Amino acid sequence: MSNNEVMLPPAPAWQALARHYHQVKDMHLRQLFAADAERGERMVAEGAGLFLDYSKHRVTGETIDLLIKLAEASNLSERRAAMFRGDKINVTEQRAVLHVALRAPKGAQIMVDGANVVPEVHEVLERMEAFANRVRSGAWTGHTGKRIRNVINIGIGGSYLGPEMAYLALREYSDRALNFRFIANVDGAAFVEAVQGLDAQETLFVVSSKTFTTLETMANARTARAWLVDQLGNEAAVAKHFVAVSTNANEVQKFGIDTANMFGFWDWVGGRYSMDSAIGLSTMLAIGPENYRALLAGFRAMDEHFLEAPFAHNLPVLMALLTVWYNNFFGAETVAVLPYAQYLARFPAYLQQLQMESNGKSTDLQGQRITYQTGPVIWGEPGTDGQHSFYQLIHQGTKLIPCDFIGFAKPFNHLANHHDLLMANFFAQTEALAFGKTLEELEREGVAPAQRPFRIFDGNRPTSTILAEELTPFTLGALVALYEHNVFTQGVIWDIDSFDQWGVELGKVLASRIIPELESDKEPDLHHDSSTNALIRRYRRLRHAAR
């Protein structure tokens with residue numbers, strides 16, 4: 001499972017860790033716990049209502065010390081301060097990176113190009129609150145005078161994954177009289193299913209696109225507009241059934257949306273970091289302004305913890321350093337995120353974009369190709385579903401898969417002993433992954449000799465345990481910010497830009513060239529590679545035959 005030939009940067013802090021890795025790589029968690037009776041109480045950290053137990057990792061105190069020295073040598077403190085004060089740390093786009101400003105308290109000062117951005121943030125937030133209160137109270141009505149009962153969020157990437165994840169996570173706090181649906185995929189099935197059974201008179205669309213030109217989002221928005229006008233028979237109805245999260249007033253107005261119902265955000269907010277900006281309008285409509293403020297407070301509490309806590313007690317820093325440890329020394333290629341909470345079913349998908357779009361980079365900040373591994377693959381499903389799906393591979397497979405287990409002490413739904421059963425599995429899995437089961441234990445249990453080879457669990461599989469009291473709006477904000485700053489810390493250590501996403505652009509450009517080739521009535525003159533040309537021709541034959 002270990003990779004002894006990993007490429008590392010030549011810096012002394014990296015090389016010191018490499019030497020240490022060869023000393024400890026074969027240590028087993030059984031051995032580490034046996035040698036230190038207080039390990040499980042000592043290797044913990046706490047902040048913003050979240051408790052982190054990292055004792056079930058293949059690390060010693062010296063490992064943590066060396067990893068912290070790596071963070072210090074990477075100038076993490078300086079880079080962190082630069083982000084919080086609004087420096088343009090997104091170097092390839094020359095932009096500030098200020099999602100932390102979205103939850104800054106009123107009266108704070110964060111400067112971008114000589115202007116304090118915090119008053120603008122709160123002005124948008126107050127407009128969002130006024131609008132949400134009108135919709136939730138019934139004061140805002142549709143074109144025919146009926147109150148809104150259905151809200152459909154149209155976006156893609158961060159403007160979809162964030163709102164959908166947050167809505168599902170906080171359903172217990174949502175207004176159940178309102179029905180929320182989310183559209184991202186340009187596949188027409190996404191739209192058809194989202195509007196299935198809905199009354200257009202009672203439906204509000206929130207269209208989220210900074211430029212109001214995003215291909216998938218605007219294709220779905222135009223289809224939604226046509227559906228609404230067809231149902232209500234009047235173009236004027238658009239103004240009462242559409243609002244925009246955008247900065248392009250001209251395009252919003254052309255679409256038929258009153259710019260008074262346009263909620264803006266800024267180029268210093270990346271899409272995958274935007275769920276607490278105006279992109280969160282549908283979240284606020286669902287849970288109400290007061291709960292939304294609590295969500296922002298959770299973000300802010302984790303921001304303060306990340307900014308102030310020493311590295312040895314800093315949750316985002318510790319989690320990032322552990323990711324670097326396995327990614328760059330053990331050769332682990334993935335991290336599994338395993339929330340033991342059905343409400344967090346979409347949290348792993350949300351983190352896939354947050355982490356993989358941020359740190360899926362192979363060029364350093366100086367523009368040089370790098371030879372070491374950067375961002376791991378992020379994946380996961382809620383427990384206990386995953387236990388009957390992929391846990392077999394984590395327990396007894398040949399791949400080393402570090403796991404983040406996320407659990408809560410208090411349930412929302414007090415159904416018999418369901419929550420205790422859930423959390424018993426939560427604790428059991430991390431114990432089993434750490435310690436496994438030996439041949440000697442199987443012998444003592446009387447397992448038949450022929451069965452023993454198949455029932456050995458090696459253990460020594462690393463896990464982080466994140467435990468909170470309850471899944472509240474505050475807790476969700478803290479949890480998301482934990483992973484935001486975790487990602488930032490990884491990027492600093494790998495010396496990459498975690499805030500651009502040029503890898504997303506090439507496919508968009510090529511798709512825009514192919515669209516007219518698919519839609520043309522005449523056989524197009526194709527100039528792609530032989531595979532793409534042949535596939536387009538086959539698609540056109542099958543498509544036209546179906547007409």
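**View A. Lining of the largest pocket by residue class.** In this predicted model, the lining of the largest pocket is made up of 16 nonpolar, 16 polar and 10 charged residues. The space inside comes to about 1200 Å³. In total, 42 residues line this pocket, and I156, T214, Q501, E505 and K508 are the closest to its centre. Helix α7 gives the most, 4 residues.

**View B. The second largest pocket.** This pocket holds about 360 Å³ of space. Its lining counts 17 residues, with A341, Q342, N413, H419 and L422 closest to the centre. Helix α17 (residues 418-435) supplies the largest share, 3 residues. By class, 9 lining residues are nonpolar, 6 polar and 2 charged.

**View C. The largest cavity.** The structure has 4 cavities of 30 Å³ or more. The volume of the largest cavity is about 120 Å³. Of its 14 lining residues, M319, T323, V335, D404 and S464 sit closest to the centre. Both α14 (315-330) and α19 (473-494) give two or more residues to the lining. The largest share, 4 residues, is from α14. The lining has 7 nonpolar, 6 polar and 1 charged residues.

**View D. The second largest cavity.** Here the volume is about 70 Å³. The lining consists of L102, V121, V124, L125, M128, W266, D276, S277, A278 and L296. Helix α6 (residues 118-137) provides the largest share, 4 residues. Of the lining residues, 8 are nonpolar, 1 is polar and 1 is charged.

Methods:
Residues numbered from 1 in each chain as written. Predicted model: local features only at pLDDT ≥ 70, side-chain atom pairs only at ≥ 80, totals over all residues. Heavy atoms only, no water. 1 Å grid on protein atoms, 1.4 Å probe; cavity = no way out; pocket = protein on both sides within 12 Å on 5 of 7 lines; lining within 4 Å. Points joined across faces, edges and corners; volume = space filled by probe spheres on them. Nonpolar A, V, L, I, M, F, W, Y, C, P; charged D, E, K, R; others polar.
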